[in-house]
Amino acid sequence: MAKLRLNFMSEVLHRAVSLDVFLPADHMVLKDGLLPEKNRPYKTLYFLEGLMGNFSGPGDYSRLQGYAEDYNICVVVIGGENKWYQDSVLSGDNFMEMISRDVVNFTRRIFRLSHEREDTYIGGFSMGGHGAALIGLRYPEIFSKIICLSGAFHRDVFLESTEELTWDLQRRTEYQTLLGVKDMDEYPDSDNDYMKWAKRTAALDIRPEIFMCCGDKDDLLPIDEKFRQDMLNLGYGVAWRVYEGAGHSYYTCDLGVEDAFKWLRLENFVENYPYMTIQADIGVHNLNNWNTWYNLEKDASQGIKRT
Amino acid sequence: MAFVRAEFMSYSLKRTVPITAILPCDTANFMNIGPQPAKPPYKTLYLLHGIYGSDMDWVANTNIQRMAREHQIAVIMPAAENHFYTDKNNDGEKYGEFIGKELPEVTRRMFQLSDKREDTYICGFSMGGYGAFMSGFKYHGTFSHVACMSSVIMNPSYLSDITVQPTPMNDREFHQSVFGCKSVDGTEEDLCQAALVKKLLSDKKEIPKLFMSVGTNDPLMKANRELHEFLEKNGVEHIYREREGYFHNFDFWGEEIAEILDWLPHGEKIVIGDSGNVLGV
């Protein structure tokens, strides 16, 4: 596994942006053996970090790197600088545009990555889950799958925020600046509202599939459950795991990364079911029954009840 | 411009190794000065460090980032410890193969680099000058241009005559271990007799274009001049420059690399507006 720490000039942010990239370009082969050509050009997962973290967090604190190697996929990790991955006309911090345009173009320009939407995914942890949903739902022509690990789907938190700091990091004024609105009333159905894009994209043929997970000790569990229900109601296919005993931490992120890769690895995991039989049963996130689980989710989205 | 610090698993060295890379991929253009940047696949310069050095030497001591951007060329800087880029050492680490074979292979898998011979160049100073010469000629099918500054010239007596100095790198045992022999006399590693070059010439192989330079105050000047005369006598086309007053340090290499970039056939240098976007991770 090649691990790259790099920066590049972002056209959108007008400054240098740092990234961690995990690229399966090297392989230990016997002398004069051939390097494997499988999965080249590489499939790519763009992974967004949460609040307070930067581009180095997910690689350092979860097994993202190891799984990238196991599944022969390129992972690009992006930090969000507490900006929630939105475009703000007020602060100029256009992270949504930076990621969907600059980062995608830049990485495709220097690395040998697939340009197909089927091979391009976006995911994130916490605030990065919000970013992945927002960007993934807005640009389904770029991303075919969305991964939200303990996603902070903060639409209601933004709307109900006050000038008092509660358990969150930012005040109403700060949220308004990041959302690019003078008044919070302008936020719903604006370009920074993921529900606007969820509704728009639900009607398209190229609807991304969604993987979600959350810990049962996580304060965001109700928020995640609401988002999942919203997505199911709109007809999206949502895979969903709740981890027992897990809170809002890298522990959940790590478990989610493991399951998300198993989910991603499969072009269509119902047809590729045999892959699922090789995974270990380790209690809290036993995935032995993905097939049934996926179908139940799909049935639920279509209003079908199974016994 | 992207500045990359990477590490990957090397099969030649059988361990994880660091490299630093510069990619001329900028689309951000301050004040819209200058033409659009080059499109991949990029032409590539492999830059080798000297003894005591690392993959960050060139970035820390020269303007290579700005120059790479102006010349629209990708620059790959490996780290090869103090092993003279040879395969012959006694510890099974194949530094020659690493530089000449694996590094182009892996970096071409990693980045959008041109795999054409005419777009691939190698350059180094001191120990890296020796490494660039040896790798460039040994892997002549990969590299079309070789530039060596202030090169260490291995000659038949180098390993046996070397005196024990306070610095460990002048230790005779160390050098003999690196080259895996008591003397390079009659081997490919003997740059003084240029056995490798002679063999390529007699086999009528296409040899890389060669650029050699050295400062007149450099203790290695005499050996470089002798090699130049030897190559001339044997009909090996090359450019040789002695730069008046320069010593064995980055004052020389930092200026000379600009001349070498001008010498390499990679299109015109472009003018770019800047506002403090020199990068570093």
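Guide: Strands are DSSP runs of E with at least two residues, helices are runs of H or I with at least four, and both are numbered from the N terminus. Pro41(B), for example, sits in the loop between β2 and β3 (44-48) of chain B. Keep in mind that this is a predicted model.

Visitor: What is the peptide bond from Pro40(B) to Pro41(B) like, cis or trans?

Guide: Read omega for that. Here omega is near 0°, and the bond is cis.

Visitor: How many helices and strands does chain A have?

Guide: Chain A has 10 helices and 8 strands. Chain B has 9 helices and 8 strands.

Visitor: What share of chain A is buried?

Guide: Buried means under 20% relative accessible area. In chain A, 60% of the 307 residues are buried. In chain B, 57% of 281 residues are. Then look at what is exposed. Chain A exposes about 12400 Å², with 49% supplied by carbon and sulfur atoms. Chain B exposes about 11300 Å², and there carbon and sulfur supply 50%.

Visitor: Which strand of chain B pairs with β1(B) over 9 bridges?

Guide: Look for bridges and their direction. The partner is β2(B), residues 15-23, and the pairing is antiparallel. Phe8(B) stands opposite Val17(B) in β2(B). The two strands make a hairpin with 4 residues between them. In its turn, Lys14(B) has a positive phi of about 60°.

Visitor: Which strand of chain A is joined to β1(B)?

Guide: Strand β1 of chain A, residues 2-10, is joined to β1 of chain B by 6 bridges. The two run antiparallel. One facing pair is Lys3(A) opposite Glu7(B).

Visitor: How many residues does helix α8 of chain A have?

Guide: An α-helix has 3.6 residues a turn, so residues three or four places apart point the same way. Helix α8(A) has 13 residues, 221-233. It reaches 18 Å from first C-alpha to last, close to the 18 Å expected. Its buried residues include Leu221(A), Asp224(A), Phe227(A), Arg228(A) and Met231(A). Just after α8(A), Gly235(A) takes a positive phi of about 95°.

Visitor: Where does Asn82(A) lie?

Guide: Check phi, then place, then cover. Asn82(A) lies in the loop between β4 (74-78) and α3 of chain A. Although not a glycine, Asn82(A) has a positive phi of about 60°. Asn82(A) is partly exposed, because its relative accessibility is 26%. Compare Ser150(A), another non-glycine, with a positive phi of about 45°. Ser150(A) is in the loop between β6 (145-149) and α5 (155-160) of chain A. Ser150(A) is buried, because its relative accessible area is 0%.

Visitor: Why does Glu258(A) count as buried?

Guide: Its relative accessibility is 9%, so Glu258(A) falls in the buried class. Glu258(A) belongs to helix α9 of chain A, residues 250-265. The side chain of Glu258(A) makes a polar contact of 3.2 Å with the side chain of Arg63(A).

Technical notes
Residues numbered from 1 in each chain as written. Chains lettered and ligands numbered in written order. Predicted model: local features only at pLDDT ≥ 70, side-chain atom pairs only at ≥ 80, totals over all residues. Heavy atoms only, no water. Buried < 20%, exposed > 50% of the residue type's maximum accessible area, 1.4 Å probe, protein only. Areas by Shrake-Rupley, 256 points an atom, 1.4 Å probe, with all protein chains shown as cover. Pairing = 2+ DSSP bridges. Polar contact = N/O pair within 3.5 Å; in protein donor to acceptor, adjacent residues only side chain to side chain. Expected span 1.5 Å × (residues − 1).
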